[in-house]
Amino acid sequence: MAEAHQAVAFQFTVTPDGIDLQLCHEALRQIYLSGLHSWKKRFVRFKNGVMTGVYPGSPSGLLVVLTGYISATKYAKIDPSLGLFTKLSTHLPVSKYITVEGQRIAGGVLVGTGLWVAVIFVMRNVRRCLLSWHGWMFGRHGSLSFKTKVWLVLVKLLSGRNPMLYSFQSSLPRLPVPPIKDTVRRYLDSARPLMEDEQFQRMEGLAKDFEKNLGPRLQWYLKLKSWWASNYVSDWWEEYIYLRGRSPIMVNSNYYAMDFLYAFPTHLQAARAGNAIHSLMIYRRKLDRAQIKPRFLLKDYVPLCSAQWERMYNTSRIPGLETDILQHVNESKHIAVYHKGRIYKVWMFYDGRLLLPREIEQQMERILADKSEPQPGEELLPALTAGDRVPWAKARSQFFSKGKNKQSLDAVEKAAFFVTLDDSEQRYEADNPVQSLDSYGKSLLHGKCYDRWFDKSFNLIVYKNGTMGLNAEHSWADAPVIGHLWEHVLSSDPVQLGYSEDGHCKGSLHPNMPGPQRLQWDIPEECQTVINNSLTVAKTLADDVDMHIFPFNKFGKGLIKKCKTSPDAFIQITLQLAHFRDKGKFCLTYEASMTRLFREGRTETVRSCTIQTCDFVRAMMNDNITKDEKLKLFKVAAEKHQDMYRLAMTGSGIDRHLFCLYLVSKYLGEDSAFLKEVLSEPWRLSTSQTPLQQVELFDLKRHPEFVTSGGGFGPVADDGYGVSYIVLGEDLINFHISSKHSSLETDSHRFGSYIKQALLDILDLFQFDNKVNNK
């Protein structure tokens with residue numbers, strides 16, 4: 001195994017004649033280039049901070065304002081400083097140091113700059129007020145009202161040009177606190193179809209009592225927080241929903257993203273890793289330079305919050321006894337790589353530049369060629385991140401707080417990200433689609449339980465046959481952020497970077513580049529026992545996962561839009577029909593919606609099981625009701641779902657408000673039977689759509705093979721389903737279904753069959769050509 005033999009810049013020997021100093025010029029050169037690279041990054045960050053801080057202003061705008069102001073005052077024969085230097089001269093001998101003409105220019109610059117800053121301040125605040133209006137979301141689809149058009153013109157006028165990733169952060173409104181009366185009313189509406197009359201009357205009484213008595217007091221504290229904090233939900237959500245969880249994050253929290261469904265760019269594991277890692281590092285460079293375009297809604301008019309991008313790289317979740325913390329370092333020049341039980345530190349820079357794909361492939365080849373055995377305890381070490389959090393926290397404090405173990409653990413936790421060169425083969429097989437995709441999904445979700453570092457912000461997994469995927473930790477950001485990164489990697493891999501005819505990365509090998517550094521561990525038997533215990537817990541959890549993934553290609557977004565229905569509403573109602581056929585009852589349903597229209601917004605829950613949807617499902621189960629009547633009920637249910645989704649996106653959701661009220665009650669030492677029951681209700685159907693955000697990167701008409709499989713997550717409830725879906729192109733919807741083998745009520749494959757049939761049954765209401773059913 002090649003090691004970094006030039007790690008020491010100098011050596012010295014003490015002799016009778018003095019000290020013989022021997023400098024290694026190559027090592028000093030690398031130190032110089034590394035320092036130069038660091039200072040360049042600092043300068044870029046400083047420049048970006050200034051540019052973001054003055055947006056929608058710009059240096060050219062400042063120059064225009066100064067030139068215009070000084071010229072206007074000179075033409076009007078007015079003192080540009082507005083008497084500033086005249087007043088100063090009574091206290092300070094200004095004229096001794098600055099001439100009269102100099103005073104005019106300096107005064108003009110000061111006053112002009114102040115005017116420029118004032119204009120920017122006004123523009124930001126007016127724009128924030130404009131973005132607080134969300135009436136445009138509730139208009140008729142496909143048309144804009146006159147009010148919305150005027151609003152769009154004003155938003156456009158107050159927007160700058162060429163925004164960077166964080167340019168709009170200071171212009172975004174704060175998440176509003178909904179009135180308690182509205183939240184309670186919407187909660188009762190959502191709970192009605194899930195409760196018997198007697199149970200609902202009891203809950204209604206608890207809700208009314210809460211709304212009248214304890215609720216207003218809790219609301220006052222919550223509003224106080226909303227005025228003080230950037231977002232009244234996000235910090236508590238991150239801490240109490242994610243970081244304070246003591247159960248394993250593998251399966252329960254982490255989620256995954258898949259490779260192309262049909263395309264296999266190369267069969268060489270090291271080559272695929274080379275292109276993917278290089279692409280990930282290019283994305284990080286763009287992120288450091290704030291060159292990633294911010295996300296928008298409504299034709300690039302309405303910006304979304306970009307705060308979640310900040311901790312994408314160089315981040316690791318650190319276990320604690322009561323709560324974990326997120327450790328983020330500003331800069332990391334290496335990645336950590338796991339292969340066959342060995343962990344390596346691989347530098348991503350040499351000669352002051354980022355390694356090229358072929359050079360990264362060269363490093364991966366060196367790791368694959370290494371025949372050395374794992375050190376005692378090293379092979380299963382990552383299982384600590386897959387088990388319960390408290391044993392991992394104790395082991396980390398006891399066995400990894402000093403010496404070589406601390407140095408090696410730092411190398412992993414401070415790496416840009418974690419890479420697993422998996423020794424298994426996974427891919428979609430046309431002759432065995434069901435089993436191959438199910439195995440692939442389970443592998444990405446949990447692997448062998450000891451070959452992923454689940455605490456890292458994300459893991460890149462590259463399989464022996466060249467297929468790859470991601471496993472992401474959830475606390476630092478939500479799935480759309482990782483999805484944006486993954487779209488960049490997938491689009492740049494086969495098209496922009498490409499491969500040579502023999503499957504290698506393009507480019508040439510580096511003759512002198514030091515190889516990867518094997519991390520050294522000293523893991524005692526006591527620690528190995530803890531590792532084995534964590535592995536047992538993780539394996540039990542992983543073996544219980546019932547995963548089913550299937551591409552539905554009978555129809556897709558194109559035909560659903562002809563039904564004049566939102567694809568998301570269509571699929572959500574389909575899931576309700578399929579669930580009722582599967583279990584014979586309705587259940588509390590979670591659909592993730594984003595609140596990134598607000599500063600530091602994360603997610604909100606859309607309670608998809610509505611009264612209207614249940615009416616439609618019952619009608620579908622009744623053969624005596626005509627298709628026309630069923631279709632009317634479907635349209636009512638779809639419109640209700642869309643309305644619920646809009647309310648969630650615009651800060652009028654139910655669950656985040658109640659969650660924060662519950663936390664305030666705990667801080668105050670007050671018990672609320674209403675809040676306690678609401679937050680203890682299990683989500684037996686947890687759903688999420690994976691959006692395709694950068695459609696321009698994928699020309700699916702010319703290259704249908706570049707269809708991605710999307711991603712998925714584990715089941716939330718022991719007796720429930722987790723369903724993720726992605727709508728691709730016009731004719732494909734990919735579903736990822738998870739449940740637990742230990743539950744007698746669930747079966748992922750059975751539920752998948754019900755989903756397929758429900759999609760066809762609902763489409764049949766619209767009386768399209770029967771060719772769809774025969775496709």
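Met594 stands opposite Thr603 in β18, in a predicted model where local features need pLDDT of at least 70, side-chain atom pairs count only at pLDDT 80 or more, and totals for chains, interfaces and linings use all residues. Residues are numbered from 1 along each chain as its sequence is written, and side-chain values use heavy atoms, with hydrogens and water left out. Helices (H or I, at least four residues) and strands (E, at least two) are DSSP runs, numbered from the N terminus.

The protein chain has 24 helices and 22 strands. Of its 775 residues, 54% count as buried, where buried means under 20% relative accessible area, exposed over 50%, and partly exposed in between (1.4 Å probe, protein chains only). Among the contacts (heavy atoms within 4.5 Å) with a separation of 6 or more, 78% involve residues 24 or more positions apart.

Six strands form an open sheet in the order β16-β22-β21-β19-β17-β18, with mixed pairing; two strands pair if DSSP finds at least two bridges between them. The edges are held by β16 (545–552) and β18 (603–607), each of which has a single partner strand, so one side of each is left without a neighbour in the sheet. From one strand to the next, the twist averages 20°. Strands of a sheet pair through backbone hydrogen bonds, either parallel or antiparallel. Both senses occur at β17: this strand (residues 589–594) pairs with β18 in the antiparallel sense over 5 bridges, and with β19 in the parallel sense over 3 bridges. Ala592 has Thr605 of β18 as its bridge partner, while Thr589 has Leu685 of β19. In β17, 5 of the 6 residues are buried.

Helix α19 (residues 567–583) packs on the sheet and touches β17, β19 (685–689), β21 (721–728) and β22 (732–740). The direction of α19 makes about 145° with that of β21; axes are lines fitted to C-alpha atoms, for helices over the stretch in contact, and angles run from 0 to 180 degrees between N-to-C directions.

Helix α10 (residues 234–243) has Ser234, Trp236, Trp237, Glu238, Tyr242 and Leu243 buried. The cover over these buried residues includes α9 (214–228), β6 (315–318), β7 (325–328), β17, β18 and α22 (655–668). The axes of α10 and α22 are 11 Å apart, and the helices pack at an angle of about 75°. This makes α10 roughly perpendicular to α22, since angles under 35 degrees count as roughly parallel, over 145 as roughly antiparallel, 65 to 115 as roughly perpendicular and the rest as oblique. Trp236, Trp237, Tyr240 and Ile241 of α10 meet Arg656, Phe659, Cys660, Leu663, Val664 and Tyr667 of α22. This contact has 9 nonpolar, no polar and 1 charged residues, where Ala, Val, Leu, Ile, Met, Phe, Trp, Tyr, Cys and Pro count as nonpolar, Asp, Glu, Lys and Arg as charged, and the others, Gly among them, as polar.

Helices α21 (residues 627–649) and α24 (residues 748–765) have axes that come within 9 Å and cross at roughly 110°. The two are therefore roughly perpendicular to each other. Lys627, Lys630, Leu631 and Phe634 of α21 make the contact with Ile762, Asp764 and Leu765 of α24. By class, these residues divide into 4 nonpolar, no polar and 3 charged.
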